[in-house]
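Here are my notes on this one, in the order I would go through them with the model open. Please read them alongside the structure.

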Amino acid sequence: MNKRAGSPWTGCGIVAVKEINDHLRSARMLVLELLVLLTGIAAVYSAIQGLRTTTGQDAFLFLRLFTDARNPMPSFAGILVFLIPLMAIGLGFDGVNGEFNRRTMSRILAQPIFRDALLLGKFLAGLATLSIGLLSLWLLVIGLGLLTLGIPPGGSEVARALSFLLLAVLYGGLWLAIALFMSTVFRSPATAALSSLGLWLFFSVLWPMLSQFLAAAIYPNDAALLLGVQSIEQLQAQQWLSRISPGALFEEAMVGVLSPMTRSLGLVFPEQMRGAVNGAPLGFVQSLLLVWPQVTGLVAAMILLFVGTYVAFQRQEVRA
Amino acid sequence: MKTLMPFRFGCTRHGLVRSGFSAALAARAAVVLMLLAPMASAADAPGMHGVWLTTDYPTRTARPGDTANLKLKLQNYNSAPEVLELRVGGLPAGWKAVILGAGSPVASAMPGINENVALQLRVDVPNDAKAGSYRLLLSAGGNSQRADLPVAIVIGQELPAKLQLRAKLPSLRGTPKSSFEYQFTVQNESDKDLIVRFGADAPPGFQATFSEGYGSQEISSIPIEAGQSKDMKAKIQPPENTPANDYPVRINANAEGTEAGAEVTLQISGQPTLRLSGPEGRLSGEAQAGSETQFLLTLANEGSAPASNVELTANAPAQWKVEFNPKLMPQIAPGQKIEISALVTPSSKAVSGDYMATLRASGNGASTSAEFRVTVTTSTLWGILGILIIAIALMVAVGAVSRFGRR
């Protein structure tokens with residue numbers, strides 16, 4: 001095994017800037033951003049309509065911009081859970097195989113740029129583009145909230161909203177890593193896109209149902225079957241299985257951060273809640289601690305997927 | 001007889017006969033009565049003959065500016081009725097006297113045989129009348145008979161105002177929180193109507209209010225007619241936390257320089273009052289799930305009697321551990337404060353957030369409880385573990401780079 005010569009980061013910045021440039025100018029990105037923007041704004045607008053008619057006091061009114069859902073619109077956060085993967089897949093599905101198809105890969109690598117730098121640059125560019133889009137959307141929501149609600153958000157609300165933004169970027173990063181992985185493994189962009197979208201549909205539509213079914217299969221319980229309910233083991237297994245889906249992780253983390261009254265994301269037994277003060281919000285740090293496993297899962301999965309992509313990419317033949 | 005008249009006109013023949021019979025019976029009864037009356041008088045005063053002018057109290061007192069009223073009686077014993085001229089003699093200069101009969105001034109009277117006429121002498125005493133005894137001569141004289149009555153009006157020797165006050169239950173027992181109600185009677189023993197004011201000499205902080213016996217309005221004074229008495233009620237409220245003791249209170253009634261009083265006693269039996277408070281008055285704190293946290297509490301006896309055998313207990317969520325040090329206190333004197341450390345261990349399975357624990361101190365005769373709000377925080381251990389997992393993922397990345405790098 002030869003020793004590497006020179007820094008792997010050389011050229012990473014250039015690749016990233018060029019990629020961001022491409023992304024932001026592409027029609028594909030424009031369409032995706034418009035889709036997210038329109039649905040997101042519609043959700044926030046309907047949430048604002050709801051908030052303006054409520055008279056009750058809420059210390060975290062601003063956060064409800066993100067979480068309130070009014071028929072027929074889902075909440076802003078719910079829309080993001082569904083649409084962020086679409087954006088990320090759109091940005092990443094032809095990241096590597098596109099270069100092969102355009103026969104530009106060997107040309108790029110003829111420059112003093114390592115493969116590490118190319119892959120990382122592409123990933124970082126996708127992440128940056130996603131972050132720009134989400135940040136502008138987030139600022140738009142906050143601005144709309146300020147305009148229509150007429151009250152400034154508190155310090156804790158700002159911290160929670162910011163961590164929500166960060167979570168959304170991490171979630172997008174995970175899907176970006178998946179898309180990049182697919183684009184590295186499959187030579188055809190269409191196959192990569194289809195498999196990424198398939199995975200997205202599987203996790204967002206099929207997996208919640210499957211996890212319940214699998215939980216019942218792992219822990220068969222006749223009494224529960226007879227009564228049409230789930231036993232505690234089944235519920236726990238279902239929850240753990242469902243957490244394989246990045247969307248479930250993101251949703252749980254979002255609930256923990258955006259609803260301060262959330263005290264637990266798992267099963268809670270009544271005896272654990274005896275003497276508990278209902279509706280008392282947790283501190284920001286406690287909420288963060290609550291969702292920390294989910295955040296860890298998102299970050300670790302993203303890194304591992306990137307490593308997988310990296311290994312696959314390094315082992316590929318470029319000159320073909 | 002007149003009451004029978006309708007029968008006479010409106011009834012049948014039988015009825016008419018019956019009414020006539022009744023009328024005759026009534027007339028006979030009247031004759032008997034008329035015969036009896038002079039016989040009774042004659043029996044009272046045998047051998048009396050003539051006209052007499054009398055009064056019950058021929059010497060009476062008055063103050064300058066007052067009007068003295070004397071009740072007179074002109075009595076005729078066994079003599080023919082006659083017009084008797086009434087005169088008042090010996091009236092000092094500036095005095096006015098008038099004789100009234102049936103409410104209006106009269107100059108003469110005429111009593112029938114063995115009958116009397118009630119008269120009244122009204123004397124207006126001038127404001128500048130000097131002290132002393134003034135004699136007046138009243139006379140009633142006719143052609144054949146004459147009666148004289150010397151009376152005296154004494155200025156400056158009137159009866160002084162005098163009150164008497166009697167408490168019905170002069171000693172009551174209670175706690176500092178109860179109100180002590182003393183029923184008492186005030187009697188005006190003078191010959192004048194008085195406005196009586198009430199007051200109480202009580203230890204500082206004691207509040208006394210007065211009301212009529214069954215009234216609810218608080219009053220400070222009440223008019224009492226001459227010779228009459230009133231039932232009154234004095235309500236005395238001791239201040240809270242009055243130490244156990246006997247407290248004498250004097251209830252006073254005074255009017256126009258005279259005063260009467262009665263001593264009543266409040267027997268206050270003490271009562272312990274416990275209060276449990278947190279550090280700096282706060283009743284909240286933070287504790288980590290599964291680990292012991294110490295809270296400093298203060299147990300104070302703010303009552304007026306010692307509390308004994310005070311035990312501290314806690315009603316906390318399930319699987320929590322709450323220990324007190326000290327747990328049992330044999331005695332807490334009034335005003336004493338005891339520092340207590342409560343060791344709270346939330347259940348290791350406790351979900352983070354706010355919980356309520358009820359802390360209770362109960363002893364003989366007193367108890368208190370305080371709601372203590374515990375904010376349970378979870379350990380940051382899991383957070384560190386998460387960072388470790390991410391670090392491992394990064395290590396894998398670094399390993400991959402070093403394994404497959406440079407191409």
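**Notes on the two chains**

1. Start with helix 8 of chain A, residues 155-185. Its 31 residues reach 45 Å from the first C-alpha to the last, close to the 45 Å expected at 1.5 Å a residue. Of those 31 residues, 23 are buried, so helix 8 of chain A is largely enclosed by the rest of the structure. Bear in mind throughout that this is a predicted model.

2. Stepping back to chain A as a whole, the secondary structure comes to 13 helices and zero strands. Of its 320 residues, 41% count as buried. If you take the contacts in chain A with a separation of 6 or more, 80% of them come from residues 24 or more positions apart.

3. Helix 13 of chain A (residues 284-314) deserves a look for its packing partners. With helix 12 (residues 246-258) of chain A, the packing angle is about 155° and the axes are 9 Å apart. Angles over 145 degrees count as roughly antiparallel, and helix 12 and helix 13 of chain A are therefore roughly antiparallel to each other. Their crossing is left-handed. On the helix 12 side of chain A, the contact includes A:Pro246, A:Leu249, A:Phe250 and A:Gly256; on the helix 13 side of chain A, A:Ser287, A:Leu290, A:Gly297 and A:Ala301 are among the residues involved.

4. Helix 13 of chain A also meets helix 7 (residues 115-149) of chain A. Here the axes come within 10 Å and cross at roughly 140°. Helix 7 and helix 13 of chain A are therefore oblique to each other, and this crossing is right-handed. From helix 7 of chain A come A:Arg115, A:Leu119 and A:Phe123, which meet A:Phe306, A:Thr309, A:Tyr310, A:Phe313 and A:Gln314 in helix 13 of chain A.

5. Over to chain B, where there are sheets to trace. One is an open sheet of five strands in the order 12-20-19-14-17, with mixed pairing. At its edges stand strand 12 (171-174) and strand 17 (221-224) of chain B, each with a single partner strand, so one side of each is left without a neighbour in the sheet. Neighbouring strands are turned by 25° against each other on average, direction ignored. Strand 17 of chain B pairs with strand 14 (residues 194-201) of chain B in the antiparallel sense, over four bridges. If you want a spot to check, B:Arg197 stands opposite B:Ser221 in strand 17 of chain B.

6. Another open sheet in chain B has four strands in the order 21-23-27-25, and its pairing is antiparallel. Strand 21 (274-277) and strand 25 (321-325) of chain B are the edge strands, each pairing on one side only. Strand 25 of chain B is joined to strand 27 (residues 337-345) of chain B by five bridges in the antiparallel sense. B:Phe324 has B:Ala342 in strand 27 of chain B as its bridge partner.

7. Finally, where do the chains meet? The contact involves 31 residues of chain B and 36 residues of chain A. On the chain B side, strand 28 (353-363), strand 29 (366-377) and helix 3 (381-404) each supply at least two residues. Helix 3 of chain B gives the most to that side, with 12 residues.

How values were computed: Residues are numbered from 1 along each chain as its sequence is written. Chains are lettered from A and ligands numbered from 1 in the order in which they are written. This is a predicted model: local features need pLDDT of at least 70, side-chain atom pairs count only at pLDDT 80 or more; totals for chains, interfaces and linings use all residues. The expected span of a helix is 1.5 Å times one less than its number of residues. A residue is buried if 20 or more other C-beta atoms lie within 10 Å of its own, exposed if 12 or fewer, and partly exposed in between; C-beta atoms are placed from the backbone. Two strands pair if DSSP finds at least two bridges between them. Axes are lines fitted to C-alpha atoms, for helices over the stretch in contact, and angles run from 0 to 180 degrees between N-to-C directions. Angles under 35 degrees count as roughly parallel, over 145 as roughly antiparallel, 65 to 115 as roughly perpendicular and the rest as oblique. A crossing is left-handed if the near helix is turned anticlockwise from the far one by less than a right angle, and right-handed if clockwise. Two residues are in contact if their C-beta atoms, placed from the backbone, lie within 7 Å.
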